[in-house]
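Please look over the structure shown here.

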Amino acid sequence: MQEDFRLIVDLVSVFGVAACGGLLAALLGQPVLLGYLIGGIIVGPTGLGLIKEVIQVETLAQFGVAFLLFALGVEFSLAELKKVRAIALGGGAAQIILTILATVLVCGVTGAWGVLPAKGVFLGAILSLSSTAVVLKCLMERNETETPHGQVMLGILVVQDLALGLMIAVLPALDQPPEFIGIAVLTALARISLFAGGAIAAGIWLIPPLLRLLARTESRELFLLGVVALCLGIALLTEHMGLSIEMGAFVAGLMISEVEYADQTLTYVEPLRDIFASLFFASIGMLIDPVFLWNNLELILGLVALVFVGKFLIITPLVMLFRYPLKTALIVGLGLAQIGEFSFVLASEGQALGLVSRGIYLLTLGTTAVTLIITPFVLRLVPFLFNFAESMPWLKPYLDGEGQPLDVSDELPIKDHVVVCGYGRVGRNLVKLLQQHDLPMVVIDQSESRIQQLREAGVPYVYGNCVSFHVLETAGVNSAKGMAIALPDPMSTRLCLKRALELSPELDLVVRATKDKDIEVLYQLGAREVVQPEFEASLEMATYLLTGLMSPTVIQREMQEIRERHYLDLRPEQSASEVKRDLQQATQDLNRRWYSLPSASPLVGMTLEEADMRYLTGVSLMAIRRADGEEIDYPPTGTILAEGDRLLVVGADEEFAALDEFAKGKAAIPGENSACQWVSVNADSPFLGKTLVNLDIRREYGVQVQAMRRDGKFIRFPDVNMDLRTHDQVLLCGSLANLNQLQELLAPFKPVPLSIPVVKADETEALK
């Protein structure tokens with residue numbers, strides 16, 4: 001009884017310190033995973049020594065990784081797995097083999113393992129595994145599991161987890177003659193094949209009726225109990241077969257993923273997953289010896305750098321070899337460059353078999369632990385690294401080439417159509433409604449299965465990433481009547497919105513917000529309308545219930561007012577610090593900076609609506625910090641700019657430069673009798689092919705060319721020798737009458753005869 005009570009005390013201690021560490025990490029804006037690891041270090045044997053039954057705690061912690069993999073299997077649809085099956089199977093296997101070969105080569109050159117190459121194979125197997133739990137946790141926190149890099153990472157990690165069972169089976173034969181290794185490999189493959197066949201059969205004939213039977217009881221507890229028993233039962237079966245518990249849990253999730261009760265299963269299991277996952281990461285922290293790390297700091301940091309660089313140089317070219325964009329390859333290479341938590345299992349087995357000494361074992365654990373700790377920081381830094389890289393002129397061409405369309409339907413509408421980004425449940429319903437009104441449309445999606453559905457339905461499509469300028473241009477965003485963004489990933493939604501408006505500043509854009517905190521960000525970035533599905537469902541239900549009690553006109557007006565107030569009546573109240581934190585998180589994947597408004601700026605005293613900075617310069621204003629310390633997050637259009645204001649803006653470097661000139665009065669600012677307007681150059685325009693200096697728009701029409709957008713790039717004060725091309729967008733500032741006249745010439749509905757004034761050579765030089 002005393003030992004049982006001791007285990008309870010240990011569990012309470014671990015959960016308590018994990019909660020405190022996670023809370024501290026969250027308050028500091030760091031991943032909660034880091035707090036769990038540090039909490040484990042503090043209460044572990046090498047820390048304060050509060051945990052007495054480490055082995056029992058580690059055993060219970062296996063539930064955490066089992067539930068993590070089980071939930072991943074439920075979410076990870078087999079249809080989506082097919083999309084990355086080539087990189088998952090081919091790339092994952094190649095990455096493991098290349099890592100092992102590179103490790104054997106390094107060990108052979110340095111003589112680190114004596115004359116036994118089998119020990120080099122063992123170390124290579126340890127290094128080849130990446131952290132499924134850590135990477136999955138980071139992707140879920142950033143809602144990136146559905147992104148291309150997220151799918152590729154998870155596909156490779158699945159193959160690594162499957163290979164773990166093979167590695168464990170081969171380990172005992174490593175110091176035996178080669179024929180024993182071959183027998184061990186064949187035995188392991190036979191076990192995997194047997195298990196896979198049984199899992200497929202059970203997934204077809206056993207699991208669906210079992211879940212239906214549990215669901216008919218209408219008992220939440222019984223359904224959860226049955227699902228947990230199924231998950232752990234299959235996991236124990238794989239362990240008994242000489243494979244891994246983790247493989248069994250993942251396969252159990254896959255078996256449920258195609259059943260109608262998959263969403264219900266995931267909802268019930270998620271709390272268990274999160275609780276035991278914190279226990280698992282804390283148990284990893286208990287294995288870390290900070291004293292050993294400190295005494296061998298230089299060696300361990302060197303090994304960490306070698307592992308990160310080595311795995312990055314192996315994985316990144318492999319992903320590119322499978323024709324993925326450079327940007328996706330770099331993110332995958334950085335995301336999988338650590339050593340996985342399952343390497344602890346291999347290292348323990350290797351020590352027990354005498355393949356490694358105690359010192360090498362501790363070095364391996366220390367290196368693995370450090371790579372696990374820094375991985376969340378690396379993944380968090382990725383957006384900033386790409387923003388920095390895109391600001392370098394010599395790097396930008398390589399990244400600009402990323403995201404070419406993979407396929408395009410035969411006929412695409414070229415004008416006055418609607419672009420729909422995302423063909424999930426929302427996008428599919430939207431397309432049906434647009435088809436009922438015979439509206440031309442183009443759908444953008446990056447799922448092969450959804451693109452196939454569009455092909456069969458005869459809907460025009462562009463197969464690619466919605467955040468890519470090339471994909472958006474191919475879909476005809478420049479000439480579209482409107483655009484709807486229905487993506488599940490908040491980061492992709494924000495980037496897609498920003499880049500679509502860079503291509504077409506006057507585009508009528510409606511966006512789906514997956515989270516409450518994204519609503520204001522999307523409005524600030526330029527969305528005309530933001531729809532939050534849960535809030536819309538509440539409004540429609542309220543409308544139905546109030547019909548008959550109130551005037552329908554009054555009801556509709558009240559509901560519309562709630563929408564115009566951005567659902568503030570329905571959103572939970574937030575403190576200023578919470579709003580500020582959400583703003584920082586939402587803009588961390590965008591290129592942002594604080595800009596100090598010059599004291600003599602003509603913008604001082606103007607409202608944001610009058611200044612219209614996003615329209616005229618391309619930047620989006622997210623917050624204002626006053627001289628007295630007051631901060632206005634998501635400022636409304638009626639906010640007046642004051643002297644000493646600092647503006648938090650997001651945009652491209654060219655747009656920041658445009659804002660600086662705009663704020664200093666070097667660019668034309670609309671007044672009472674003047675305005676600025678973006679005009680798209682039509683294919684029928686008589687100005688097509690003419691240079692700005694030959695047109696002499698300023699002298700002839702009293703209109704100034706303020707800026708130009710070409711191929712998605714913002715050009716501030718374009719060179720006078722630039723010629724006008726189809727789809728160029730020109731920002732013109734001047735009197736309204738002259739603007740209207742010039743717009744008819746630049747973008748006529750039909751060819752308009754026009755005599756272009758001939759500029760003499762001496763006049764051309766004077767203009768220059």
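The points below cover the cores, then the sheet, then the helices on that sheet. The model is predicted.

**Nonpolar cores**
- The largest nonpolar core holds 117 residues.
- Phe70, Leu211, Phe281, Val332, Leu336 and Leu346 have the most contacts inside this core.
- Helix H13 (residues 262-287) supplies the largest share of the core, with twelve residues.
- A second core is separate and has 47 residues, including Val467, Met559, Ala623 and Val650.
- In soluble globular proteins, nonpolar side chains tend to be buried together.

**Contacts of Phe70**
- Leaving aside residues up to four places away in sequence, Phe70 touches Val227, Cys231, Ala249, Phe250, Ala252, Gly253, Ile256, Thr265 and Val269.

**The four-stranded sheet**
- Four strands form an open sheet in the order E8-E11-E9-E10, and the pairing is antiparallel.
- Strands E8 (592-596) and E10 (631-633) are at the edges; each has a single partner strand, so one side of each lacks a neighbour in the sheet.
- Neighbouring strands here are turned by 25° against each other on average, direction ignored.
- Five bridges join E8 to strand E11 (residues 646-650) in the antiparallel sense.
- Arg593 stands opposite Val649 in E11.

**Helices on the sheet**
- Helix H27 (residues 576-587) lies across E8, E9 (620-625), E10 and E11. Its direction runs at about 60° to E10.
- Helix H30 (residues 653-663) also packs on the sheet, where H30 touches E8 and E11. The direction of H30 makes about 10° with that of E8.

Technical notes. Residues are numbered from 1 along each chain as its sequence is written. This is a predicted model: local features need pLDDT of at least 70, side-chain atom pairs count only at pLDDT 80 or more; totals for chains, interfaces and linings use all residues. Side-chain values use heavy atoms; hydrogens and water are left out. A nonpolar core is a set of buried Ala, Val, Leu, Ile, Met, Phe, Trp, Tyr and Cys residues joined through side-chain atoms within 4.5 Å. Buried means under 20% relative accessible area, exposed over 50%, partly exposed in between (1.4 Å probe, protein chains only). Helices (H or I, at least four residues) and strands (E, at least two) are DSSP runs, numbered from the N terminus. Contact means heavy atoms within 4.5 Å. Two strands pair if DSSP finds at least two bridges between them. Axes are lines fitted to C-alpha atoms, for helices over the stretch in contact, and angles run from 0 to 180 degrees between N-to-C directions.
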